[in-house]
Amino acid sequence: MTDVQQEPGKSLTGLTKVRRLPPEVSILLVLFGIILVFEVLGWLIIGQSFIANKQRISIIVLQVAVTGIIAIGVTQVIITAGVDLSSGSMVGFIAMVAASLAQVSTNERAVYLSQGWVDLNPLWAIAVGLLLGAFLGMINGFIIAKTKIPPFIATLGMMVSARGLAKWYTLGQPVALLTDSFSWFGHSFPVMGFPVPRPVIVFLIVAVIFHVMLTYTRYGKFTYAIGANPQAARVSGINISNHLIKVYTIAGLLSGLAAVMTAARAESAQPGMGVGYELDAIASCVIGGTSLGGGVGRITGTFIGTIILGVVTSGFTFLQVGAYYQEIVKGIIIIAAVVIDQYRQNRRRKTS
Amino acid sequence: MVSPSTMKAVRESGAVPNAEYVLEVEDVRKEFPGVLALDNVQFKLRRGTVHALMGENGAGKSTLMKIIAGIYTPDSGTFKLRGVDIRLKSPLDALENGIAMIHQELNLMGPMTVAENIWIRREPKNSWGLINHGEMRLRTEELFKRLNIDIDPMVEVRMLSVANRQMVEIAKAVSFNSDVLIMDEPTSALTEKEVTHLFQIIRVLKAEGKGIIYITHKMSELFEIADEVSVFRDGKYITTKLSSQVTRDEIIRMMVGRDITQMFPKETVPIGKVKLSVKGLTLDGVFKDVSFDVREGEILGIAGLVGSGRSNIAETLFGVTPASSGTIEIDGKLIAIKSPGQAMANGLAFLTEDRKDTGCFLLLDIQDNTQMAVLQNRYVSYGFVQQKQLSKDSSIMAQTLRVRTPDMQEPIMNLSGGNQQKVLIARWLLTKPRILILDEPTRGIDVGAKAEIHRLVSQLAGQGVAVIMISSEMPEVLGMSDRIMVVHEGRVTGLLDRKDANQVKIMELASH
Ligand SMILES: Nc1ncnc2c1ncn2[C@@H]1O[C@H](COP(=O)(O)OP(=O)(O)OP(=O)(O)O)[C@@H](O)[C@H]1O
Ligand SMILES: [Mg+2]
């Protein structure tokens with residue numbers, strides 16, 4: 001075999017190299033478009049700028065941080081051609097458990113873990129939250145890998161059961177009065193005058209880690225392979241069952257993390273927390289270009305998708321659109337974003 | 001220019017002008033990003049003839065056919081159907097105007113029955129407007145009878161072998177009763193027996209006055225079935241000749257632009273000790289009591305008809321479908337192979353026969369497709385892919401195999417069929433196997449690259465790799481193998497030495 005000698009700009013076979021835009025470009029344009037629309041409407045309707053408002057930006061990012069963390073886990077699940085419907089319910093249950101371990105010791109507790117008289121280190125609550133998430137995710141993965149039932153059904157079951165667990169845990173009572181050291185994780189700190197919520201930092205770190213994982217590790221490559229063609233993946237030596245268990249475990253872990261952040265931010269927990277988060281998370285993935293058919297998707301896309309959802313929600317509040325209308329239009333926007341994105345991608349594929 | 005719908009009406013009324021050429025295309029140009037797939041080519045098809053289209057992998061054959069069948073829109077070009085200018089805008093337009101195509105890759109829906117697949121979108125309806133399954137079945141049986149095909153119309157397609165699926169595709173295309181029938185490498189999944197059968201079908205169609213475009217990489221077929229042959233190279237039209245007036249070497253020279261000196265560059269290499277020893281291998285209901293040895297440096301060919309269990313034996317060796325009983329020894333040690341992962345850990349590699357189903361990750365790029373198997377054992381440290389080194393080695397491999405692509409980031413979906421096959425071969429060679437199982441390794445691969453792959457396999461054997469090669473192409477089995485094992489209905493019916501083997505003997509053993 002000879003050395004590869006490549007002319008610059010020419011490929012292996014002398015064909016001209018193709019310049020490829022990253023797939024996120026089109027979805028980023030959608031985001032800018034939406035912001036522009038709100039900006040214009042803002043000036044027209046209430047005479048204010050939408051974007052030049054620190055408070056609002058801070059709210060947007062805080063809103064998206066929690067569903068964003070979930071969406072990152074769900075992205076890798078969807079890349080394997082699966083889906084995770086249980087994340088919202090897991091947030092409810094795990095928030096309850098974590099909060100119960102973070103209650104102030106001098107107050108009466110909703111749940112007695114009768115260690116008695118000291119405030120637990122918040123790391124306990126966090127560790128238990130993460131592990132519990134990972135454990136529930138592992139159950140999802142195990143069921144899917146071993147029984148071969150569709151992920152939709154498996155995680156639907158988990159969704160219902162975990163919500164039940166959340167209610168059972170305190171018999172429906174909320175868990176309140178959490179220690180300051182735990183709530184600290186949900187608070188903001190100022191950066192150059194901007195109030196930056198800590199969950200946002202966590203979201204960013206998680207996003208970077210998972211972007212790296214999906215792009216540069218074997219774990220990531222196998223995740224795409226399984227979604228793209230499970231049979232070929234198997235013949236390539238990939239242990240699909242094991243890998244799926246890992247993927248769902250990690251998704252669960254991130255749901256656990258989201259749960260802890262939710263409880264810390266609210267300084268309390270209640271069984272109804274996280275309702276609908278799973279759908280927001282899935283929507284973020286899909287808006288960001290992840291294909292429900294599997295094999296396609298990137299964290300960068302999901303990241304932008306999450307922000308689009310956040311911008312839309314706070315944009316409506318900004319325009320003082322009623323809550324009912326907000327939901328109606330949000331649904332339409334989710335569909336529109338995906339349609340525009342697909343249209344652009346198809347056209348790029350055909351013409352150039 | 002007439003519109004496709006007018007033309008359709010004219011055709012249906014039976015008042016079709018009878019031109020010498022059923023189809024004429026000229027100055028067709030088609031560019032993909034980074035690839036000029038067709039550079040002002042022309043193609044003319046006479047009625048009642050078989051016109052072969054030859055060219056290397058990526059020469060633009062399938063692209064031109066897809067343009068004719070209304071799937072791609074050309075950047076420019078003129079198009080005449082029976083002498084009438086026309087522009088077809090969709091596959092439906094083409095079908096309604098009498099152009100049917102058998103695609104290079106199978107396009108059937110696995111969970112649906114054979115009959116449903118054939119009549120999809122044309123299902124016979126009853127008076128309630130619902131699908132009339134009885135009628136559909138009858139029509140299928142009629143069609144199969146006419147074509148002499150022996151497949152149950154009510155069986156689900158996914159239960160069929162690749163070859164039988166191909167026959168269904170052929171029947172489906174014929175069922176449109178079109179004037180132009182395009183066959184893009186229809187025989188790449190067929191064994192000699194079905195090929196003969198297909199040729200019978202083609203002769204009948206030809207006698208009915210239809211024009212048939214036939215793409216193949218098998219020279220022998222060309223001289224057997226084609227009247228005319230057109231050659232393409234690198235997206236350019238080279239020439240059209242009567243097949244009776246060219247020689248095989250002339251065609252190869254026009255295709256490749258150089259001479260290919262040796263077709264089966266088999267080296268005689270020292271044969272070492274027994275590498276793989278299989279005893280009494282059985283997969284219930286599929287094959288029984290299969291025993292053989294392969295030695296280091298040896299190439300064991302496996303021949304047999306479609307459905308004989310050739311591929312199943314390979315799958316079982318590789319752990320895709322673990323054996324019901326029997327033993328596998330490697331280097332004299334008994335080992336259990338229950339999954340492909342285990343097989344790979346023991347130095348096996350397995351190129352499967354169906355590149356679409358079990359080979360390509362169509363959504364991923366060439367780089368990922370090349371590296372997916374090797375990541376199992378190498379080029380990974382602390383979970384991270386050592387992409388730089390791996391990309392370099394993959395590129396070298398792709399280049400050795402002459403994958404025609406702008407770069408390794410191209411989605412494999414955009415490659416021509418033969419080039420996809422080369423990528424899959426690269427995937428397995430990259431794993432540096434000690435036992436290499438190849439199931440139809442050169443399916444869809446052009447003559448030049450075929451010789452290159454044979455040379456590589458020979459070279460690997462020279463390095464002590466034990467090779468098992470399943471092939472439906474008789475010259476390939478005869479030319480490359482040291483020994484040939486013949487399988488018939490799940491049993492080994494013979495093991496021939498290279499010097500004793502010939503086509504007749506093999507066919508005898510293969511069909512008993
Ligand atoms: N959809 C596509 N997008 C980009 N490039 C494409 C696309 N389809 C084909 N090509 C390129 O166009 C060239 C011609 O491809 P084509 O499939 O026509 O080759 P072919 O002659 O049929 O080869 P083979 O013998 O391997 O089937 C190839 O280089 C291929 O990579
Ligand atoms: Mg082709």
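## Contact between domains 1 and 3 of chain B

Three residue pairs are in polar contact across the interface of domain 1 of chain B and domain 3 of chain B, both residues at pLDDT 80 or more; a polar contact is a pair of N or O atoms within 3.5 Å, where within protein one must be able to donate a hydrogen and the other to accept it, and residues adjacent in sequence count only if both atoms are side-chain atoms. The side of domain 1 of chain B that touches domain 3 of chain B consists of two nonpolar, three polar and two charged residues. In this classing Ala, Val, Leu, Ile, Met, Phe, Trp, Tyr, Cys and Pro are nonpolar, Asp, Glu, Lys and Arg are charged, and the others, Gly among them, are polar.

One salt bridge is counted between these two domains (a side-chain nitrogen of Lys or Arg within 4 Å of a carboxyl oxygen of Asp or Glu). Asp234(B) and Arg404(B) form a salt bridge, with 3.7 Å between the closest N and O atoms.

## Basis of the model

The model is predicted: local features need pLDDT of at least 70, side-chain atom pairs count only at pLDDT 80 or more, and totals for chains, interfaces and linings use all residues. Residues are numbered from 1 along each chain as its sequence is written, chains are lettered from A in the order in which they are written, and side-chain values use heavy atoms, with hydrogens and water left out.

## Domain layout and buried area

Chain B is assigned domain 1 (1-97 + 219-259), domain 2 (271-347 + 433-512) and domain 3 (356-432), with bounds from an automatic or database domain assignment. Seven residues from domain 1 of chain B and seven residues from domain 3 of chain B make the contact (heavy atoms within 4.5 Å). Over C-alpha atoms, the centres of these two domains are 32 Å apart.

Domain 1 and domain 3 of chain B bury about 590 Å² between them, with 41% of it on carbon and sulfur atoms; buried area is the accessible area (1.4 Å probe) that two parts lose on being put together, summed over both. On the side of domain 1 of chain B, Val35(B), Asn57(B) and Gly58(B) lose the most area to domain 3 of chain B, together 62% of what that side buries.

## Interface of chains A and B

Chain B places 49 residues in contact with 33 residues of chain A. The two chains bury about 3400 Å² between them, 62% of it on carbon and sulfur atoms. One salt bridge is found across this interface. Lys221(A) forms a salt bridge with Asp368(B), the closest N and O atoms lying 3.1 Å apart.
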